[in-house]
Amino acid sequence: MNFPKLIFNSLFQLLLLLQGNQLKLDAQTKTSLSFNKENSTIPSNMIQAIHIDSSQGIWLGSYDSGLIYFKDSTREHYTKSNSVLPHNNVFAISEDPNNNLWLGTFGGGLAKFDLNRNEWEVFDTSNSGLKHNWIYSIAIDNQNRKWIGTWGSGLFMYDDSSWTNFNRKNSPIPTYKVTSVFIDHNDIKWIGTLRGLLSFDDDTWTWYNNDKGILEVSVYSTIVQKNNTLWIGFKKQGLGMLLDNEYFLFNNKNSSIPSNRIYSIAEDNDGCIWVATFANGIAKYENGDFRVYNSKNSEIQDDLIFDIKIDRNNN
């Protein structure tokens, strides 16, 4: 079954990362392709992070097989055994303005991969200010500072010379587990934790602990649209939307969203919101309603979606 043309009319290329497959939708050719171990050189079917770099190369972080790169006919595969990558579980990928990839691993700390020089540098608890080697999220702000969420020591900021740790003892962050970091167009940091959402503007912290109805529960993803709409993906409670001081929570009882477990959120060029769910496919929010795509009505082969990204050619 082909994807409805609605998808191709709204974006040039939608990239979905599934637990079992990677699916690429290309509007220019109106085709969809699914890549997995059986039909491609991708070494793992457990893909959990994606990054599209400044040259439109695609980087995939896998659960068990390290870092994968492909662009046109070029394929590269980096693992702990053939590179300086410190761990084969790559959970987060980001890119700074100097063409460096920053890779968060689950157990090996943080790796910097200089794409210009093909050089690696590893930061972990033994050689840096990091206090935990399980990295859950990475974002880079307008000053090229790296904001790193860990699974056991809170939030770290690295400015290429010094490290700053924000945790329960020196900030309002309510837990040592930081699950998501998003930096909006105003350079405000949005920090998702196991106990709700915070924002930080370099001076003032705001913890949305049941403020405006925002739940004090696990936040797995956050984005802020160009119109300043805040979207919050909760681990088990659905999708929150805050606009003009009005908050609404979409769940599978009051809306057509297919799941309350939201793992990733993306915005396309038309301002539509795409939501990746745990075990229920993806949903597109447009004009007040959700349209669902899953393994039963589309070419998605696995409904457990870890990440969703949109190619810059959609701009």
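## Salt bridges in the model

A salt bridge is a side-chain nitrogen of Lys or Arg within 4 Å of a carboxyl oxygen of Asp or Glu. The structure described here is a predicted model, and it holds 10 salt bridges.

One of these joins the side chains of Lys 309 and Asp 307, with N and O 2.8 Å apart. Because buried means under 20% relative accessible area, Asp 307 counts as buried at 8%.

## Lys 189 and Asp 202

Lys 189 and Asp 202 form another salt bridge, and their closest N and O atoms are 3.2 Å apart.

Asp 202 has a relative accessible area of 30% and is partly exposed.

Both residues also take part in a network of salt bridges, which links Asp 141, Arg 145, Asp 187, Lys 189 and Asp 202.

## Arg 195 and Glu 216

A further salt bridge is formed by Arg 195 and Glu 216, whose closest N and O atoms are 2.5 Å apart. This pair links distant parts of the chain, 21 residues apart: Arg 195 is in the loop between β17 and β18, and Glu 216 is in the loop between β19 and β20 (219–224).

Arg 195 counts as partly exposed, with a relative accessibility of 35%. Glu 216 is also partly exposed, at 25% relative accessibility.

Ser 180 lies in strand β16, which spans residues 178–183. Is this residue buried or exposed? With a relative accessibility of 7%, Ser 180 counts as buried.

What does Ser 180 touch, leaving aside residues up to four places away in sequence? Its contacts include Trp 190, Ile 191 and Gly 192. Val 219, Tyr 220, Ser 221 and Thr 222 are also among the residues that Ser 180 touches, as is Ser 137.

Terms used
Residues numbered from 1 in each chain as written. Predicted model: local features only at pLDDT ≥ 70, side-chain atom pairs only at ≥ 80, totals over all residues. Heavy atoms only, no water. Helix = DSSP H or I, 4+ residues; strand = E, 2+ residues; numbered from the N terminus. Buried < 20%, exposed > 50% of the residue type's maximum accessible area, 1.4 Å probe, protein only. Contact = heavy atoms within 4.5 Å.
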